[in-house]
Amino acid sequence: MKATQKRAGSSLVKTLVSASLVLLAFGLVLGWAPAAQAQTNISGVWVLKFPPRYGHVRKMYFALKQTGEVVTGRMLFSPGRGIPISNGSLKDGKLHFEVVLHFQHEAHQVTYDGVMKGDQIAMTVNFPGRSPVSGTAERTTEAATLPPAP
């Protein structure tokens with residue numbers, strides 16, 4: 001191979017590599033790359049806080065496990081005790097799950113819908129027959145479900 005052909009081939013390779021790097025950088029900036037579109041994994045323990053009622057912030061705890069878009073878990077009352085959630089999903093940053101609460105000899109299906117906002121979830125709770133209640137969920141530990149020490 002002649003020296004001029006080698007330089008021409010080398011120049012073409014450099015041009016193609018440079019163009020590929022520019023396209024990759026442009027894609028990352030616009031969010032085209034799969035890594036940039038990966039959604040947050042919400043597995044872990046969360047505390048959902050509601051605005052004060054009678055001077056006290058109301059809290060609910062959830063242990064969630066995410067596998068792909070499927071979310072499972074429990075509404076926690078204390079470590080290891082809780083009610084299973086059902087129909088859980090996280091799609092495009094939108095969380096949905098349901099909990100069936102039993103009281104007054106009836107089952108009540110409560111729905112929880114949220115939107116990921118950084119490492120918090122803006123949640124709305126819909127309890128049958130009541131107005132929706134909104135709050136913010138953030139990560140916590142299962143130990144946070146324990147009653148205060150005496």
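Predicted model: local features only at pLDDT ≥ 70, side-chain atom pairs only at ≥ 80, totals over all residues.

Trainee: How many aromatic pairs turn up in the whole structure?

Mentor: A search of the whole structure gives four.

Trainee: Why is the pair of Phe62 and Phe97 called edge-to-face?

Mentor: Their ring centres are 5.1 Å apart, and rings pair if the centres lie within 6.5 Å. The planes stand at 65°, and over 60 degrees counts as edge-to-face, so the Phe62–Phe97 pair gets that name.

Trainee: How do you know whether Phe97 is buried or exposed?

Mentor: Buried means under 20% relative accessible area. Phe97 has 1%, so Phe97 is buried. Phe62, at 4%, is therefore buried as well.

Trainee: Why is the pair of Phe62 and Tyr112 given its label?

Mentor: Here the centres are 5.2 Å apart and the planes at 70°, so Phe62 and Tyr112 are edge-to-face. Tyr112 sits in strand E6 (residues 106–117) and Phe62 in strand E2, so this pair ties together parts 50 residues apart in sequence. With a relative accessible area of 1%, Tyr112 is buried.

Trainee: Which residues do ring pairs link into a cluster?

Mentor: Phe62, Phe97 and Tyr112.

Trainee: And what lies over the face of Phe127?

Mentor: That is Arg130, at 4.6 Å from the ring centre; the cut-off for this distance is within 6 Å.

Key
Residues numbered from 1 in each chain as written. Heavy atoms only, no water. Phe/Tyr/Trp six-rings, centres within 6.5 Å; stacked < 30°, edge-to-face > 60°. Buried < 20%, exposed > 50% of the residue type's maximum accessible area, 1.4 Å probe, protein only. Helix = DSSP H or I, 4+ residues; strand = E, 2+ residues; numbered from the N terminus. Lys NZ or Arg CZ within 6 Å of the ring centre and 35° of its normal.
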